[in-house]
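Please keep the sequence and the structure in view while reading.

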Amino acid sequence: MSPKSINGSKNSWNINSNKLTKETIENMYGEGALECSFDEGNEAFVFSQSRDFDLIELEQLLQSVGWSQRPLRRVKRALDNSLLKVGLWRHDLKFPRLVGFARCTGDGIIEATVWDVAIHPVYQNSGFGKKLMVYILTSLKNEGIKRVTLFADPGVISFYKSQGWTLEPRGKSCAFWYSN
Ligand SMILES: CC(C)(COP(=O)(O)OP(=O)(O)OC[C@H]1O[C@@H](n2cnc3c(N)ncnc32)[C@H](O)[C@@H]1OP(=O)(O)O)[C@@H](O)C(=O)NCCC(=O)NCCS
């Protein structure tokens, strides 16, 4: 699938609701981090492409959405070789918790492909997945990358379609080959 537009979501909650100071966000989550808390409620959430991941926590998140366990050594290498890794963190001064994730591979100039998009089940259907995609596409666009693809599981095609992604190539000129 490839995106038609990367414009924001129709969710009404505020992506910069300023529960956290700029200093806290930068110190804990690094450059380019973005708060995306709900207006109501006490919890604060932050997207970051700089904060390091605890590999065990990351794998636990991905397993919580039903994906199988992968060797941590290989996961680390895959992350090291990725163009962009984005975490969604439920803020805590001592122990921020990873509740969302996605990463991109690519050439860094023209093309990128999005992988491993996941929001922890507890936080699904709150608008985070959509915000995560906007954050990723904006980050890629800022790097000049305009052509972005992803492989959607059949059950989530409408999630991407509703954000302007188009189904390619209408089942005609694409082949998938998996080696066993
Ligand atoms: C798919 C996923 C990332 C969506 O995250 P989310 O935070 O629950 O999604 P949002 O709350 O931002 O939903 C945005 C919109 O997509 C819809 N949506 C959410 N999950 C959907 C799904 N699985 N299928 C179809 N539509 C979905 C929502 O209803 C919402 O619609 P609306 O804008 O009309 O209200 C999340 O459900 C998830 O992690 N699923 C398991 C892992 C997975 O399948 N990842 C995708 C691999 S290709």
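Setting aside neighbours within four places in sequence, L88 is in contact with F45, F47, V99, G100, F128 and L132. Two residues are in contact if their C-beta atoms, placed from the backbone, lie within 7 Å. The model is a predicted one, in which local features need pLDDT of at least 70, side-chain atom pairs count only at pLDDT 80 or more, and totals for chains, interfaces and linings use all residues. Residues are numbered from 1 along each chain as its sequence is written.

L88 is found in strand β4. Strands are DSSP runs of E with at least two residues, helices are runs of H or I with at least four, and both are numbered from the N terminus. L88 counts as buried because 26 C-beta neighbours lie inside 10 Å. A residue is buried if 20 or more other C-beta atoms lie within 10 Å of its own, exposed if 12 or fewer, and partly exposed in between, with C-beta atoms placed from the backbone. From L88 to H120 the separation is 32 residues in sequence and 9.8 Å in space, C-alpha to C-alpha.

The protein has 5 helices and 8 strands, which run β-α-β-β-α-α-β-β-β-α-β-α-β from the N terminus on. An open sheet with mixed pairing is formed by 6 strands in the order β2-β3-β4-β5-β6-β7. Its edge strands, each pairing on one side only, are β2 (34-35) and β7 (147-150). α4 packs on the sheet and touches β2, β3, β4, β5, β6 and β7, and its direction makes about 145° with that of β4. That angle, on a scale from 0 to 180 degrees, is taken between N-to-C directions of axes, which are lines fitted to C-alpha atoms, for helices over the stretch in contact.

Two strands pair if DSSP finds at least two bridges between them.

| Strands | Direction | Bridges |
|---|---|---|
| β2 and β3 | antiparallel | 2 bridges |
| β3 and β4 | antiparallel | 4 bridges |
| β4 and β5 | antiparallel | 7 bridges |

Individual partners can be located on the model. L34 has F47 in β3 as its bridge partner, F45 has R90 in β4, and K85 stands opposite R103 in β5. β4 and β5 form a hairpin with 6 residues between them.

In soluble globular proteins, nonpolar side chains tend to be buried together. The largest nonpolar core here has 34 residues, of which V46, F47, L132 and I136 touch the most other members. α1 (22-29), β3 (45-48), α2 (55-64), β4 (84-90), β5 (97-106), β6 and α4 each give two or more residues to this core. α4 supplies the largest share, 7 residues. A nonpolar core is a set of buried Ala, Val, Leu, Ile, Met, Phe, Trp, Tyr and Cys residues joined through C-beta atoms within 7 Å. Beyond its neighbours within four places in sequence, F47 is in contact with A33, L34, C36, V86, L88, L132 and Y135.

Across the protein of 180 residues, 26% count as buried. Of contacts between residues at least 6 apart in sequence, 53% join residues at least 24 apart.

**The ligand shell**

Which residues are closest to the ligand? Of the 18 residues that surround the ligand, the closest are V65, Q124, G129, K130 and F159. Two or more residues of the shell come from each of β6 (111-119), α4 (128-142) and α5 (157-161).

I157 is placed in helix α5. I157 is partly exposed because 13 other C-beta atoms lie within 10 Å. Not counting residues up to four places away in sequence, I157 touches A152 and L167. I157 and L167 are 8.2 Å apart, C-alpha to C-alpha, and 10 residues apart in sequence.

**Backbone exceptions**

Most residues other than glycine have a negative phi. D116, in strand β6, has a positive phi near 55°. N125, in the loop between β6 and α4, has a positive phi of about 60°. D116 is partly exposed, with 19 other C-beta atoms within 10 Å, and N125 counts as exposed, with 8 C-beta neighbours inside 10 Å.

Definitions and conventions:
A residue is near a molecule or strand if its C-beta atom, placed from the backbone, lies within 6 Å of it.
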